[in-house]
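Subject: Structure for you to look at

Hello,

Here is the structure I said I would pass on. Please open it alongside this message.

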Amino acid sequence: MELDYIEHISPILKDGVKNYLIDIDGTITDDVPNEEPERMVTCEPYPDALETVNRWYDDGHQICFFTSRTENLKQITIDWLDKHGFKYHSVLCGKPRGGNYHWIDNHLVKATRYKGKFTDMIEKQVTIEVFED
Ligand SMILES: [Mg+2]
């Protein structure tokens, strides 16, 4: 990963490169709960997700699958991603379950809710919650 490091400050990605954190269940495949791990082997990827994620990877972006699956399900997950040809850099397990995420960070964070179509991003004006200035 190419990072710009300035002394005493956390390194940042090169201009134009994104750190994609991508959910798995319900986003790139069917929504499979941790309680039904056998389905994690047989579920099929959403074709538009596979194509789009792999294009982002080929374009030089960082791809991290960030999932609520637990560590004991990580190898099943990696095997499934590899079997279906996903290109990625990492898999992070242990995302809190239950949705309604609100991420607070000193770095820029954008969030996109998956609603059934996995495409390139478009720009759209929306209202968001932020800290007071
Ligand atoms: Mg999900």
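Below are the notes on what was found in it.

This is a predicted model, in which local features need pLDDT of at least 70 and side-chain atom pairs count only at pLDDT 80 or more, while totals for chains, interfaces and linings use all residues. Residues are numbered from 1 along each chain as its sequence is written.

Overall layout

The protein has three helices and five strands. Helices (H or I, at least four residues) and strands (E, at least two) are DSSP runs, numbered from the N terminus. In that direction the elements run β-β-β-α-α-β-α-β. Taken along the principal axes, the C-alpha atoms fill a box of roughly 45 × 30 × 30 Å. Of the 133 residues, 13% are buried. A residue is buried if 20 or more other C-beta atoms lie within 10 Å of its own, exposed if 12 or fewer, and partly exposed in between, with C-beta atoms placed from the backbone. Among contacts with a separation of 6 or more, 64% join residues 24 or more positions apart; two residues are in contact if their C-beta atoms, placed from the backbone, lie within 7 Å.

The hairpin

Strand 1 (residues 3-6) and strand 2 (residues 9-13) are paired antiparallel over three bridges. Two strands pair if DSSP finds at least two bridges between them. Leu-3 is opposite Leu-13 in strand 2. Two residues lie between the strands of this hairpin, and His-8 has a positive phi near 70°.

Three strands form an open sheet in the order 3-4-5, with parallel pairing. Strand 3 and strand 5 (90-92) are at the edges with a single partner strand each, so one side of each has no neighbour in the sheet. On average, neighbouring strands here are turned by 25° against each other, direction ignored; the axes are lines fitted to C-alpha atoms, for helices over the stretch in contact, and angles run from 0 to 180 degrees between N-to-C directions.

Strand 4 (residues 62-66) pairs with strand 5 in the parallel sense over three bridges. Cys-64 is opposite Ser-90 in strand 5, and Phe-66 has Leu-92 as its bridge partner in that strand. From strand 4 the chain passes through helix 3 (residues 74-83) to strand 5, a β-α-β crossover that is right-handed. Right-handed here means that, with the strands pointing away from the viewer, the path from the first strand over the helix to the second runs clockwise.

Strand 3 and strand 4 run parallel and are joined by four bridges, with Ile-22 partnered by Phe-65 in strand 4.

Two buried residues

Ile-24 is in the loop between strand 3 (19-22) and helix 1 (39-42). Ile-24 counts as buried because 26 other C-beta atoms lie within 10 Å. Leaving aside neighbours within four places in sequence, Ile-24 is in contact with Thr-29, Phe-65, Thr-67, Arg-69 and Thr-77. Ile-24 and Arg-69 are 45 residues apart along the chain, with their C-alpha atoms separated by 8.7 Å.

Thr-77 lies in helix 3 and is buried, with 20 other C-beta atoms within 10 Å. Not counting residues up to four places away in sequence, Thr-77 touches Ile-24, Met-40, Thr-67, Arg-69 and Val-91. Thr-77 and Val-91 are 14 residues apart in sequence and 8.5 Å apart, C-alpha to C-alpha.

Regards
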